[in-house]
Amino acid sequence: MRPEGTTISADPAPVIELIEAFRRSKTMFAAVSLGVFEGNRDLGAAGDRLLDACVALGLLRREGGAYVNTAVSEEYLTLASPRTLAGYVLYSNRALYPMWAHLEDAVREGGHRWSQTFGSEGPLFSSFFATPQATRTFLQGMHGFGVLSSPAVVRAFDLSGFRRMVDLGGGTGHLVEAAMEGYPGLSAAVFDLPEVVAVARELARAGLEFLAGDFFEDELPEADLFALGQILHDWSADKIALLLRRIWERLPPRGGLLIAERLLEPGAVAAHMQSLNMLVCTEGRERTAEQYRELLEAAGFGDVRWKVTGTVRDAVLARKV
Ligand SMILES: C[S@@+](CC[C@H](N)C(=O)[O-])C[C@H]1O[C@@H](n2cnc3c(N)ncnc32)[C@H](O)[C@@H]1O
């Protein structure tokens, strides 16, 4: 406490903004969840207050007596838009928001909050994929971010020397799609858990190749370039070492590993928030480029390069040396 009469010189704006920030997030979550951007106006007793708040946030505008979507909500918050982030909003509302309420416990104990929040037990991704609808929502969410970043990730390095790419834990295949578009000579496939492949196929572009399996246990398919998009940040250091070693063993000499993750740099607020997010919902964390290099070199990889893409995911490329 400052003694009475001391001049207060620090601007309170950052603190006030952070007190209020979660209200903005939750307003958007509730609006998506209640179907506001799909045109639902039958919202109940305080519906007008939510709609007006969406206007204030720039997500709706008034036209005559009606509320209509703005360009940004039409593109990113409607379910049918090819660039929708509504899946990630719904996943955030259903799963992340309640788990973040236990952030103090996560920090103290150093582990995710699935069990504390939802009573879920078992392997990590059985919590993400508790029901087919939860699986769909999560995959749609990852897809939305992937569409925004995968073209930049595959352009971060020249991949034209590779012939066959397999994206391990590739979800809906946005990285595979971007890679095949960027490198017409490349054949590529998604490898993911069987229960995920069944749902991802429905969401993915027709004709994408899907392979079902467990990257910790099953034989990895043949490839001279493996990809890991937002996979390493899910797992403990031991599991990462196991996975990287399995990939290294499966690759031919000079084979590649392309990693799409957000690189943690000092002051990179979104990456630090993402690292706390990984704390509450996974076994993992975000890392700096140097930390990825150390993990990769410990598994036998070399020639490690990285690039900040300016999108929601950065890129790292390593070679089997
Ligand atoms: C965070 S998501 C990333 C999805 C996708 N790579 C992307 O960037 O959008 C993690 C993915 O890893 C998959 N996954 C988790 N455990 C796996 C395992 N043991 N074997 C194969 N895939 C797994 C999940 O099903 C999910 O699709």
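These legends accompany several close-up views of one predicted model. In this predicted model, local features need pLDDT of at least 70 and side-chain atom pairs count only at pLDDT 80 or more, while totals for chains, interfaces and linings use all residues. Residues are numbered from 1 along each chain as its sequence is written.

**View 1. Two domains of the chain.**
The domain assignment gives domain 1 (13-79) and domain 2 (104-320). Such bounds come from an automatic or database domain assignment. Taken over C-alpha atoms, the centres of domain 1 and domain 2 are separated by 32 Å.

**View 2. Helix H4 meets helix H12.**
H4 spans residues 86-100 and H12 spans residues 269-281. Helices (H or I, at least four residues) and strands (E, at least two) are DSSP runs, numbered from the N terminus. The axes of H4 and H12 come within 9 Å and cross at roughly 95°. Axes are lines fitted to C-alpha atoms, for helices over the stretch in contact, and angles run from 0 to 180 degrees between N-to-C directions. H4 and H12 are therefore roughly perpendicular to each other. (Angles of 65 to 115 degrees count as roughly perpendicular, under 35 as roughly parallel, over 145 as roughly antiparallel and the rest as oblique.) From H4, the contact is made by Ala95, Leu96, Met99 and Trp100. From H12, it is made by Asn277, Val280 and Cys281. Two residues are in contact if their C-beta atoms, placed from the backbone, lie within 7 Å. The residues of this contact divide into 6 nonpolar, 1 polar and no charged. Ala, Val, Leu, Ile, Met, Phe, Trp, Tyr, Cys and Pro count as nonpolar, Asp, Glu, Lys and Arg as charged, and the others, Gly among them, as polar.

**View 3. The shell around the ligand.**
There are 16 residues around the ligand. Met142, Gly169, Gly171, Phe215 and Gly229 come nearest. A residue is near a molecule or strand if its C-beta atom, placed from the backbone, lies within 6 Å of it. By class, the shell has 7 nonpolar, 6 polar and 3 charged residues.

**View 4. Gln230, a positive phi in a loop.**
Gln230 sits in the loop between strand S6 (225-229) and helix H11 (237-250). Its phi is near 55°, a positive value in a residue other than glycine. Most residues other than glycine have a negative phi. Gln230 counts as buried because it has 23 C-beta neighbours inside 10 Å. (Buried means 20 or more other C-beta atoms within 10 Å, exposed 12 or fewer, and partly exposed in between, with C-beta atoms placed from the backbone.)

Strand S8 covers residues 301-307 and holds Gly302. Gly302 counts as exposed, with 11 C-beta neighbours inside 10 Å. Not counting residues up to four places away in sequence, Gly302 touches Glu297, Arg319 and Val321. Asp303 also lies in S8. Phi of Asp303 is near 55°, again positive in a residue other than glycine. With 13 C-beta neighbours inside 10 Å, Asp303 counts as partly exposed.

**View 5. Gly110 and Leu279.**
Gly110 is in the loop between helix H5 (103-109) and helix H6 (114-118). It is exposed, with 9 other C-beta atoms within 10 Å. Gly110 and Leu279 are 169 residues apart in sequence, yet 7.0 Å apart in space, C-alpha to C-alpha.

**View 6. Gly213 and its contacts.**
Gly213 lies in the loop between strand S5 (209-212) and S6. It is partly exposed, with 16 other C-beta atoms within 10 Å. Gly213 touches Phe191 and Asp218, not counting residues up to four places away in sequence.
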